[in-house]
Amino acid sequence: MNNSVTNTARLLWAGLRALLVLTVVCGVLYPLAVTGIAQGIFPGRANGSEIKADGKVVGSSLIGQAYNLPLKKGQETPEPDLKWFQGRPQNGLGTNSVNTQYSLILSGATNRSGDNADLIKWVKDAKAAVIKDNSVPGYTVEPADVPAEAVTSSGSGLDPDISPQYADIQVHRIAEKNRLPVAQVQKLVDEHTDGRTLGFIGEPRVNVLELNIALKELVAKS
Amino acid sequence: MSPVLAGVLQLLALIAALALAYRPLGDYMARVYSSDKHLRVEKWIYKGIGANPNAQMRWPAYLRGVLAFSAVSVLFLYLLQRVQGHLPGSLGFTAIDPDQAFNTAASFVTNTNWQSYYGEQAMGHVVQTAGLAVQNFVSAAVGMAVAVALVRGFARSRTGELGNFWSDLVRGTVRILLPLSVVAAVVLVACGAIQNFAGIHSVGQFFGGSQQWNGGAVASQEAIKEVGTNGGGYFNANSAHPFENPTPFSNLFEIFLLLVIPFALTRTFGQMVGSIRQGYAILATMVTIWIGFTALMMATEFHHHGPAFDIAGGAMEGKETRFGVGASSIFAVATTLTSTGAVNSFHSSFTGLGGGITMLGMQLGEIAPGGTGSGLYGMLIMAIIAVFIAGLMVGRTPEYLGKKIGTREIKFAACYILITPALVLVFTAAAMALSTPGHSMTNSGAHGFSEILYAYTSGANNNGSAFAGLNADTQWFNSTIGLVMLLGRFVPMVFVLALAGSLAEQKPVPATAGTLRTEKPLFTGLLVGAVLIITGLTYFPALALGPLAEGLAS
């Protein structure tokens, strides 16, 4: 009996020592080494791919933002600022509920199923809004023109991209609101469209923040 | 190019990359576990542990090593979270509550990485890198050690000796997981994954004002999270978060990482038992199931059956624009057929049948190709069941790789395949029968049931992905899923090691004309059938109530 207790204790002690040694290797040396290499070779990317406009950091090319008007009195959900290209809905994003000294954005999805009543309503409303907002005199958006990602929330809620189709149907609205020629805005979208990597990996996309920065420059020039 | 064609081409590129890595990595791992030389750094580690790496262990000693190391790991990780408020580098984050800390400790030690917490607001630098990421390495190394012990059971004769647990643990970590992770982490940073210790800081926005971001050692954790088939995200959105998985290429690369070791281990197995072709037969079984599931998933997701998807014109809810439907389907199948559980898109918002495919993938026992190590030993257990069934058909004592599958062996194998379904179904039934657990559901009806079935399936099979509408941060779910993860990991390991010990003691039986040729396509077919039928019969009633009901109704 006594013997087995000592043996167990000895075994657990060996286990603890193994864990501590491996913690030093995998939990201290490894992340520090990778950080050293990353900060040495790719400092911009390792620190979040920040992008600047007019000398100021305006976000990350990887993190989607909302382009909304300020909340009016009594409003609960802000209205989109239609002067700018709009990204995807972000119904899955949350705010932090613990450690509330910060105001963090919690990435996440809605996790609603295809037959969920909330999701059906969100998608319907979003589709109606996309059609209404982007139909301007002389240009009507048909329901079939609206791509799926324009009316659904992404997995992270922080999707920085939209499909070229969604950017295209916003062109007439952007041109009208900013008093720019349609062709000029369309050219801007085309310049900011990325195809699939190597022609087949992923999906074609337009980075909304980069597009809006370019749009801002265009508006300032004209 | 159509999205469907792009999806198929991505799958083909993935197969080509895995095929290129198969031989060199598989042979390398066989040498790692067979060599009698120790690296200098390993000798230092053995000195630190105070263990003799050359001492051979019989199965009870090997098992005691596994259990002692894992028990200490659970306790250490639990305490680390409980004292987080007092640790430096914790960003001011406070201690994790006891039930959640237990759940998370059990989760990461069992290679599950189920997360009932939000990474962004709960875990500081120290817990993430020195706690969670360390378990990403060692839990994967433990899985590989147990798999290698079973392979030695087949390879050795007239001995009970299965190798040395400490040596297998350290070698797996130092020679396999660490080098792969360093390379992978640097590639991920090059794509845009972050790697810094900036903590929480403010960054400007397009409209002025600022947003708060978490900085952290994300790429280094992401790399081992995939290589070790762990799956616990630094952020809540896991591999859908652009800082974890920034580009279409990084996405394909991450899928490659989570599949490469489990597939290559079949080569290691073939090398160690002295017949490469036996390894190919196991590989062929895994590949058949994996490609079949991926094809089914792409078909259902591109077809996007379901009211909300019909209105939207595509199943893009919970999926990122840069990945699209194709790459999200490939990821979802790879992560649930391995024990990874990382997600680049949210399974709860897949079509009804698509969600069912993710669940069935886990319920097969995660063996195609499965987790690092656990996939191989799980599939070898199924191979034993398959030769047993074949033996019954022709009325011969079954044998596999020159070892008789007698009463003792088949009992261990049968216990192994019963334990996980029992855990899943009993706890799902209990949660449904009680009144409060149901309050955690986000969706109602069949999908609500699926949320709970998915949770226990994911826990017992050590996957870690979720139908994340379920609010799992309750005392009931934290404690029961924690328990299910521990039982689902370590009870099967007991049977695997006992089986390994029993096989190693046998003397080999010479192959005769009546021996089932287990390296032939016929056996692969038999094994695929055994896997699908045994699991299908076990889980079919539960699946019919959840994903099948949802998929067929809409």
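Q: Let's start with helix packing. How does α13(B) pass α16(B), in a left-handed or a right-handed crossing?
A: The crossing is left-handed. Keep in mind that this is a predicted model.

Q: Where do those two helices sit in the chain, and at what angle do they pack?
A: Helix α13 of chain B covers residues 352-363, and helix α16 of chain B covers residues 445-460. They pack at about 30 degrees, with axes 9 Å apart. Angles under 35 degrees count as roughly parallel, so α13(B) is roughly parallel to α16(B).

Q: Which residues make the contact?
A: From α13(B), Gly355(B), Met359(B), Met362(B) and Gln363(B). From α16(B), Ser450(B), Leu453(B), Tyr454(B), Thr457(B) and Ser458(B).

Q: How do they divide into nonpolar, polar and charged?
A: The contact of α13(B) with α16(B) has four nonpolar residues, five polar and no charged.

Q: What about α12(B) against α13(B), at what angle do they pack?
A: About 25 degrees, with the axes 7 Å apart. Helix α12 of chain B is residues 324-337. That angle makes α12(B) roughly parallel to α13(B).

Q: Is that crossing left-handed or right-handed?
A: α12(B) and α13(B) cross in the right-handed sense. The α13(B) crossing with α16(B) is left-handed.

Q: Which residues meet there?
A: On the α12(B) side, Ala332(B), Val333(B), Thr336(B) and Leu337(B). On the α13(B) side, Ile357(B), Thr358(B), Gly361(B) and Met362(B). The contact of α12(B) with α13(B) has five nonpolar residues, three polar and no charged. Met362(B) is also one of the α13(B) residues in the contact with α16(B).

Q: Where is Pro369(B)?
A: In the loop between α13 and α14 of chain B, with α14 at 374-394. The peptide bond from Ala368(B) to Pro369(B) is cis. Its omega is near 5 degrees.

Q: Zooming out, how many helices and strands does chain B have?
A: Chain B has 18 helices and four strands.

Q: How does its radius of gyration sit against a compact globule?
A: It agrees. With 554 residues, a compact globule would have a radius of gyration near 24 Å, and chain B has 22 Å. The C-alpha atoms of chain B fill a box of roughly 75 × 55 × 50 Å along the principal axes.

Q: And the radius of gyration of chain A?
A: Chain A has 24 Å, but a compact globule of 222 residues would have one near 17 Å. Its C-alpha trace spans about 90 × 45 × 40 Å along the principal axes.

Q: What's the secondary structure of chain A?
A: Six helices and seven strands. Along the sequence, the pattern of chain A is α-α-β-β-β-β-α-β-α-α-β-β-α.

Q: In what sense do β1(A) and β2(A) pair, parallel or antiparallel?
A: Antiparallel, over four bridges. Strand β1 of chain A is residues 50-53, and strand β2 of chain A is residues 56-60. The two form a hairpin with two residues between them. Ala53(A) stands opposite Lys56(A) in β2(A). In the turn, Asp54(A) has a positive phi of about 55 degrees.

Q: Which other residue in chain A has a positive phi although it is not a glycine?
A: Leu198(A), with a phi of about 55 degrees. Leu198(A) lies in the loop between β6 (193-194) and β7 (205-207) of chain A.

Q: What order do the strands of the open sheet take?
A: β5-β7-β6 in chain A, with antiparallel pairing. The edge strands are β5 (161-162) and β6 of chain A, and each pairs on one side only. Two bridges join β6(A) to β7(A). Asp194(A) has Arg205(A) in β7(A) as its bridge partner.

Q: Which helix packs on that sheet?
A: Helix α6 of chain A, residues 208-221. It touches β5 and β7 of chain A, and its direction makes about 55 degrees with that of β7(A).

Q: Last topic, the interface. How many residues does each chain give?
A: 102 residues from chain B and 88 residues from chain A. Helix α7 of chain B, residues 165-191, gives the most to the chain B side, with nine residues. The chain B side divides into 57 nonpolar, 38 polar and seven charged residues.

Terms used: Residues are numbered from 1 along each chain as its sequence is written. Chains are lettered from A and ligands numbered from 1 in the order in which they are written. This is a predicted model: local features need pLDDT of at least 70, side-chain atom pairs count only at pLDDT 80 or more; totals for chains, interfaces and linings use all residues. Two residues are in contact if their C-beta atoms, placed from the backbone, lie within 7 Å. Ala, Val, Leu, Ile, Met, Phe, Trp, Tyr, Cys and Pro count as nonpolar, Asp, Glu, Lys and Arg as charged, and the others, Gly among them, as polar. Two strands pair if DSSP finds at least two bridges between them. Axes are lines fitted to C-alpha atoms, for helices over the stretch in contact, and angles run from 0 to 180 degrees between N-to-C directions. Angles under 35 degrees count as roughly parallel, over 145 as roughly antiparallel, 65 to 115 as roughly perpendicular and the rest as oblique. A crossing is left-handed if the near helix is turned anticlockwise from the far one by less than a right angle, and right-handed if clockwise. The radius of gyration is taken over C-alpha atoms; the globule rule is 2.2 Å times the number of residues to the power 0.38.
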